[in-house]
Amino acid sequence: MARSEGIASWSRFPLHRPELFADLHRGEAALTKAMSANAKTFRPGDTIIFEAEPHSYVYWLRTGWVARARRMPDQRSQIIAVFLPGDFFGVKTVFLARQPDAMEALSAVTVEFLHHRQVLQLTRENPDVGVRLWWQVCEDQRRLHSWVAGLGRGNAEERIGAMLLDFRLRLHRAGLKTESFRLPMTQQQIADYLGLTVVHVNRVLRRLREAEMISLTRGRMVITDMRAVEQLARPIQDVFDRSAGLFDGESPNAEQQ
Amino acid sequence: MRSNSERRRARQTHFNAEGQAALMVAESILIALIEHNVLTKMQLVEAIDTAISTKRQMAEDGQDPEVSRIAAGLIAALQTSIASFANI
């Protein structure tokens, strides 16, 4: 993930009101600059924030993938959100002394971080920082709304289609290569994200491969039939994801609009 | 010569593998039943309800409560997954 100063594309902040682009850009630059003094790496499977334990830091994800996960008393687990390079996470730490869920590294991860009191101070000194964090929370919430609709009403194929398009689009917006991308999640983790079992995930992925809609070799995902996967995901996508091309001009969906 | 604790661990690993294999075979058969239109997903979801409530009752009754509680969770996750099966 390139540092904010190097990201000039309007697509960095999808759906935003264009007049806020400069604020968002400046806010991100100020935050990442302040965080750059504190970097830390984690291995796949490491816990970055422990559920219910006191925590003091807000993070910027420079490289790798991170999951917000909840473990239930009977050992079921649900991955609630997946953070990709360029996302801020743990923002709620400014308000909450303890995080309600764990944050876990899905892949090798590099984060930069800042104490919540410094984040708050920074937002007081520079309102653009607040705008950037506000945008993060709003965008996370928008995706979560879609996910509630998908988990509540979507079938397994729709969920998998929507997940793949979401990852691909967000990686694209982060300026990363998406013709093929590494999907650093085990089938069990995908199952935990989609509310399915690992057997069901395996069955659907195999069906999509047999239909030549995707290829997945050694963790490398290629969406080989974009139109078909978009058709699959469309019922549970929100209006913004369905028409992403209208908003950022660079979406892989753009030709469909 | 393996120690008692190593033998216990090996036996436990074997039990875990048996449990995983059984659950995966059962689920694969359930999926095949839906795909071949033998049962609808709603019929299966209702049938699985019986297994969940039995396991939860066993946990309440103190019969291997820890194992029963986790087993009920696993079956509930399977039920949720079956309920999301497409086009049936």
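This is a predicted model: local features need pLDDT of at least 70, side-chain atom pairs count only at pLDDT 80 or more; totals for chains, interfaces and linings use all residues.
Visitor: Which residues of α6(A) and α1(B) meet?

Guide: On the α6(A) side, Val198(A), Val199(A), His200(A), Arg203(A) and Arg207(A) take part. They meet Met24(B), Glu27(B), Ser28(B), Ile31(B) and Glu35(B) of α1(B).

Visitor: What makes α4(A) largely enclosed by the rest of the structure?

Guide: Buried means under 20% relative accessible area. Of the 18 residues of α4(A), 17 are buried, so the helix is largely enclosed. It covers residues 156–173 and reaches 26 Å from its first C-alpha to its last.

Visitor: How do you know that Asn155(A) caps the N-terminal end of α4(A)?

Guide: A side-chain oxygen of Asn155(A) lies 3.1 Å from the backbone nitrogen of Glu157(A). The cut-off for a polar contact is 3.5 Å. Just after α4(A), Gly175(A) has a positive phi of about 85 degrees.

Visitor: Why does Arg62(A) count as partly exposed?

Guide: Its relative accessibility is 28%. Buried needs under 20% and exposed needs over 50%, so Arg62(A) sits in between. Arg62(A) belongs to strand β3 of chain A.

Visitor: What joins the side chains of Arg62(A) and Glu112(A)?

Guide: A polar contact of 2.5 Å. The limit is 3.5 Å.

Definitions and conventions:
Residues are numbered from 1 along each chain as its sequence is written. Chains are lettered from A and ligands numbered from 1 in the order in which they are written. Side-chain values use heavy atoms; hydrogens and water are left out. Helices (H or I, at least four residues) and strands (E, at least two) are DSSP runs, numbered from the N terminus. Buried means under 20% relative accessible area, exposed over 50%, partly exposed in between (1.4 Å probe, protein chains only). A polar contact is a pair of N or O atoms within 3.5 Å; within protein, one must be able to donate a hydrogen and the other to accept it, and residues adjacent in sequence count only if both atoms are side-chain atoms. The expected span of a helix is 1.5 Å times one less than its number of residues. Contact means heavy atoms within 4.5 Å.
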